[in-house]
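Here is a short note to read alongside the structure, written for someone meeting it for the first time. Please keep the display open and look for each residue as its name comes up.

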Amino acid sequence: MKSDLDQLMAARHLTAIVVTGEAHDNPPRSYLSNGAHVTGGYIIKKQGSDAVMVVNGMETEEAAKSGLQVFSYSDLGYAQMVSEAKGDATKAGIALWGAMLERFGITSGRVGIYGVGNLHSQIEFTRLLSETYPVYQFVGETGMTLFDEAYITKDEAELTIIRSVAKRTTEVVAATWDFISGHRAAGETVVKTDGSALTIGDVKRFVRRALLDRDLEDTDMIFAQGRDGGFPHSRGEADMALQLGQAIVFDIFPRQLGGGYHHDMTRTWSIGYASPEVERVYQQVMDAFDIAVETFRPGIEAKKLQEAVLDHFEAAGHPTGRSTPGTSVGYVHSLGHGVGLNIHERPGIGHLSPDKLVAGNLITIEPGLYYPEQGFGVRIEDTFYITNSGELLSLTDFRKDLVLPLRES
């Protein structure tokens with residue numbers, strides 16, 4: 001979590017870190033700026049000191065919402081730098097970096113560069129920085145980065161936000177259930193008042209509007225019916241009409257509007273009725289979900305939850321990634337993952353995961369079975385927080401009913 005940043009920097013021998021790039025779709029920036037949405041600029045943190053922001057003068061008021069100390073480009077003499085560079089933005093930018101590092105007492109050492117931006121520009125810009133300021137070593141990271149490691153546990157301030165996102169997300173799922181159930185069927189097709197088919201595209205447009213009404217945004221939800229639901233990441237076909245008795249995998253993972261924390265949940269619905277085969281598989285997935293929750297203990301190796309679910313599915317005769325590596329049917333993915341500013345974070349909950357589950361983790365549990373050639377897939381998912389007392393607390397407050405009845409016949 002954020003209080004670990006100095007320790008994580010020390011472990012990487014980083015004198016300072018600089019986060020660059022725009023506010024939107026930039027998790028490291030959102031993390032350090034406490035969600036403030038600022039166009040451009042930089043966040044600089046020296047080991048042992050609080051982070052500061054350096055932004056365009058027009059952005060100082062917005063940047064102040066971060067709670068960080070804010071400096072404008074003018075405070076660092078940027079206008080003079082532009083003049084001396086004869087308008088060359090790259091040269092002026094190089095000069096600005098030197099002024100920032102000097103101003104905040106970073107006189108030498110390893111400087112980690114983080115954030116999101118144009119790869120080609122950042123590679124060249126970093127080369128120029130290194131040539132201009134050889135006293136610094138400008139570095140990046142692969143593997144488990146500083147921010148990846150910090151994200152693994154969430155603090156109380158983050159949890160407050162995450163609870164709110166979870167509550168609003170489940171409100172949208174409840175509204176979607178009610179929206180579909182308010183329609184009627186003509187034969188096996190769900191239809192609107194004018195008699196035309198209710199389509200997946202209609203449902204997705206409803207969901208997106210409902211999210212926006214709650215200051216959330218869609219991040220490419222899954223609403224996949226029948227055979228499409230048998231492919232775990234099929235988004236569904238917009239022009240497909242909703243049909244009675246077809247399993248629908250509805251996986252929704254929105255985030256705060258403009259970028260921020262996510263909530264992740266999945267429900268499988270069958271409108272009107274469910275086939276005996278889908279009912280049977282649905283119950284097996286529900287049992288797997290319960291087994292995973294019951295297996296959890298504070299500090300347990302994450303893979304133990306997956307192994308318990310693998311044992312359950314394999315005993316029922318389903319292929320899995322362990323029993324049949326590379327399988328595209330049966331249980332084909334891990335049990336879950338961390339979630340936060342990124343939809344997929346550590347810890348991972350697969351049978352090869354090295355991670356442990358500890359207080360502060362925000363994780364999903366999402367067993368599923370997939371049989372596209374039999375015309376269905378089933379997945380159930382909640383997001384959980386591991387409390388300081390070791391409780392696995394679900395933040396997904398919506399029922400797990402398979403059959404979604406229509407109110408009108």
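1. The model is a predicted one, and its chain of 409 residues has 53% of them counted as buried. Along the principal axes the C-alpha trace spans about 75 × 50 × 35 Å, and the chain holds eleven helices and 21 strands.

2. Among contacts in the chain with a separation of 6 or more, 67% are made by residues 24 or more positions apart. The accessible surface is about 17400 Å², and 51% of this surface belongs to carbon and sulfur atoms.

3. The largest nonpolar core contains 33 residues, and Ile-17, Tyr-31, Leu-32, Leu-146 and Phe-147 are those with the most contacts inside it. Two or more residues come from each of several elements, including α1 (5–11), β1 (16–20) and α8 (156–181), while α7 gives the most, with four residues.

4. Tyr-31 deserves a separate look: leaving aside neighbours within four places in sequence, Tyr-31 is in contact with residues that include Met-1, Phe-147, Tyr-261 and Leu-341.

5. A second, separate core has 32 residues, among them Val-285, Ala-302, Leu-305 and Val-378.

6. How do α8 and α9 (residues 200–213) meet, and at what angle do their axes cross? The axes come within 10 Å and cross at roughly 140°, and the crossing is right-handed. Residues of α8 such as Val-172 and Phe-179 take part in the contact, as do Val-203 and Phe-206 of α9, and the residues of this contact divide into nine nonpolar, one polar and one charged.

Conventions. Residues are numbered from 1 along each chain as its sequence is written. This is a predicted model: local features need pLDDT of at least 70, side-chain atom pairs count only at pLDDT 80 or more; totals for chains, interfaces and linings use all residues. Side-chain values use heavy atoms; hydrogens and water are left out. A nonpolar core is a set of buried Ala, Val, Leu, Ile, Met, Phe, Trp, Tyr and Cys residues joined through side-chain atoms within 4.5 Å. Buried means under 20% relative accessible area, exposed over 50%, partly exposed in between (1.4 Å probe, protein chains only). Contact means heavy atoms within 4.5 Å. Axes are lines fitted to C-alpha atoms, for helices over the stretch in contact, and angles run from 0 to 180 degrees between N-to-C directions. A crossing is left-handed if the near helix is turned anticlockwise from the far one by less than a right angle, and right-handed if clockwise. Ala, Val, Leu, Ile, Met, Phe, Trp, Tyr, Cys and Pro count as nonpolar, Asp, Glu, Lys and Arg as charged, and the others, Gly among them, as polar. Accessible areas come from the Shrake-Rupley method with a 1.4 Å probe; for residues, only the protein chains shown count as cover.
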